[in-house]
Amino acid sequence: MYGRLPIAKMLAATVALTAAISAVMVPINWNGQGASTAAPKIDHLLNVMIVLSAFVFALVMVMLFYALWKFKAKPGDESDGEPIHGNTRLEVAWTLIPTVIVLFAGGYSWKVLDEIEKPAKDPLTVDVFAQQFAWSFGYPGKDFAYTQGELHVPLDRQVHFKLHAQDVIHSFWVPEWRIKKDAVPGITTTAIVTPDKPGTYQLICTELCGFGHTSMRAKVVVEPPAEFRKWVAGLDEKIPDLLIESIKQDTEEDPIPVGPGGS
Ligand SMILES: [Cu+2]
């Protein structure tokens with residue numbers, strides 16, 4: 001036998017290495033500026049995942065380097081290794097630990113998503129039309145005001161973006177809001193965001209959708225509700241019938257296709 005492993009020492013080394021990696025990785029601002037109520041929650045979730053990943057990495061490295069050092073063959077030793085088979089305790093451990101980590105990560109992510117998507121009392125519904133290679137938007141109210149390439153939303157109000165793809169799969173992403181959701185032909189998907197910082201941002205298509213994919217962007221303006229209302233009232237285009245028809249053919253996860261979601 002190889003003798004007992006110095007479990008306590010290996011565990012201490014793993015914890016120390018986890019702490020060292022986390023101390024470098026966690027303070028890095030991976031996602032940039034945040035501008036929605038979801039941002040701090042998602043950033044925190046990412047940090048928890050970084051610490052968990054650092055732990056797994058550290059554990060593997062400590063065991064690897066211990067084995068390299070401890071069981072190194074002596075010079076001139078050409079003999080075979082000891083024939084060993086199975087180690088129930090080790091196998092139970094390496095099944096149980098990852099299972100617990102993955103279940104925890106899944107459960108925690110579920111909880112965070114649930115909090116983010118909890119419907120507010122008075123959400124605004126905005127229709128988002130994605131097509132190769134442009135974005136356009138429909139606002140509730142009389143005649144469904146419509147804009148191309150520029151999205152305005154009110155500050156501090158939950159917005160339900162109804163995503164409609166006209167041709168291929170696109171994906172709705174404003175990095176500062178963190179939330180990312182696919183627009184899929186044939187179904188209407190919903191992205192829920194509460195912008196909490198005024199300013200100008202960029203909506204980016206984040207699903208490779210063809211030659212013009214990299215240029216598929218739109219300006220996003222988050223502004224106080226009064227300014228938003230004024231802006232919508234000033235729009236004179238309405239959603240083209242073609243787009244309304246295409247929405248009607250979508251399978252709905254929500255029964256209201258074009259939203260009279262208040263204004
Ligand atoms: Cu794209």
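# Questions on a copper site and a helix pair

Modeller: P75 lies in the loop between α2 and α3. The model is predicted, so local features need pLDDT of at least 70 and side-chain atom pairs count only at pLDDT 80 or more, while totals for chains, interfaces and linings use all residues. Residues are numbered from 1 along each chain as its sequence is written, and side-chain values use heavy atoms, with hydrogens and water left out.

Colleague: Why is P75 called exposed?

Modeller: Its relative accessible area is 83%. Buried means under 20%, exposed over 50%, and partly exposed in between, with a 1.4 Å probe and protein chains only. P75 is therefore exposed. D80, with 73%, is exposed on the same rule.

Colleague: What makes α2 and α3 roughly antiparallel?

Modeller: Their axes come within 10 Å and cross at roughly 175°. Axes are lines fitted to C-alpha atoms, for helices over the stretch in contact, and angles run from 0 to 180 degrees between N-to-C directions. Angles under 35 degrees count as roughly parallel, over 145 as roughly antiparallel, 65 to 115 as roughly perpendicular and the rest as oblique. The pair α2 and α3 is therefore roughly antiparallel. On the α2 side the contact (heavy atoms within 4.5 Å) includes L45, V48, L52 and F55; on the α3 side, I101, F104, Y108 and V112 are among those involved.

Colleague: Why is α1 called oblique to α2?

Modeller: The axes of α1 (residues 7-25) and α2 come within 8 Å and cross at roughly 135°. That angle makes α1 oblique to α2. Residues in contact include L17 and I21 of α1 and F55, A58 and V62 of α2.

Colleague: What is the handedness of the crossing of α1 and α2?

Modeller: The crossing is right-handed. A crossing is left-handed if the near helix is turned anticlockwise from the far one by less than a right angle, and right-handed if clockwise.

Colleague: How do you know which atoms are donors of the copper ion?

Modeller: Donors are N, O and S atoms within 2.8 Å of the metal (3.2 Å for Na, K and Ca); water is not among the atoms, so sites may look incomplete. C205 (SG), E207 (O), C209 (SG) and H213 (ND1) lie 2.0 to 2.7 Å from the copper ion. Along the chain the donors follow the spacing C-x1-E-x1-C-x3-H.

Colleague: What makes the arrangement around the copper ion irregular?

Modeller: The 4 donor atoms subtend angles of 82 to 129°. Four donors count as tetrahedral if all angles lie between 85 and 135 degrees; four count as square planar and six as octahedral if opposite donors are over 155 degrees apart and all others between 65 and 115; anything else is irregular.

Colleague: What is the form of the peptide bond from Q132 to F133, cis or trans?

Modeller: The bond is cis, with omega near -5°. F133 lies in the loop between β1 (124-131) and β2 (134-138).

Colleague: Why is D156 called exposed and R178 buried?

Modeller: D156 is exposed because its relative accessibility is 55%, and R178 is buried because its relative accessible area is 9%. D156 has a positive phi of about 60° although it is not a glycine; phi of R178, also not a glycine, is near 75°.

Definitions and conventions. Helices (H or I, at least four residues) and strands (E, at least two) are DSSP runs, numbered from the N terminus.
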